[in-house]
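Subject: Structure for you to look at

Hello,

Here is the structure I promised to pass on. Please open it alongside this message.

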Amino acid sequence: RRLLEIAPLVKYTNKSITDTSLFLEESKRIREQGYYIDSEEVILDVTAVAAPIKNRRNQVIAAVTVVGPKTKVQDYPISNIIENICHYTNLISKELGN
């Protein structure tokens with residue numbers, strides 16, 4: 001919320017989230033599920049899947065992201081991409097003491 005006060009949401013594409021309430025709801029859902037799917041929110045025809053890397057204090061310190069053209073990413077089941085990213089970010093986080 002504090003960050004939104006100094007850095008308002010920017011509309012990059014017609015799919016960008018610019019409503020603060022919707023953004024906060026989406027952020028909560030992302031925290032709960034442990035990953036994020038960007039479906040053309042920043043660049044049209046580009047899909048990204050990301051998951052956090054956490055330190056021993058359970059703080060997010062980095063992320064792993066797979067980004068590609070929407071048509072190529074769709075060649076793979078999104079559930080497999082999510083599963084792999086989450087698996088490896090969890091392994092890295094464990095190495096960092098999480």
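Below is what I found in it.

First, a caution: this is a predicted model.

Overall layout. The chain holds 4 helices and 3 strands. Reading from the N terminus, the order is α-α-β-β-β-α-α. The C-alpha trace spans about 40 × 40 × 15 Å along its principal axes.

The sheet. The 3 strands make an open sheet, ordered β1-β2-β3, with antiparallel pairing. On average, neighbouring strands are turned by 20° against each other, direction ignored. Strand β2 covers residues 46-54 and is joined to β3 by 9 bridges. Look there for Val49, which stands opposite Val66 in β3.

The helix over it. Helix α4 takes in residues 78-95. It lies across β1, β2 and β3. Its direction is at about 25° to β2.

Packing and contacts. The chain has 98 residues, and 26% of them count as buried. Take the contacts between residues at least 6 apart in sequence: 43% of these join residues at least 24 apart.

Best wishes

Technical notes. Residues numbered from 1 in each chain as written. Predicted model: local features only at pLDDT ≥ 70, side-chain atom pairs only at ≥ 80, totals over all residues. Heavy atoms only, no water. Pairing = 2+ DSSP bridges. Helix = DSSP H or I, 4+ residues; strand = E, 2+ residues; numbered from the N terminus. Axes fitted to C-alpha atoms, helices over the stretch in contact; angles between N-to-C directions. Contact = heavy atoms within 4.5 Å. Buried < 20%, exposed > 50% of the residue type's maximum accessible area, 1.4 Å probe, protein only.
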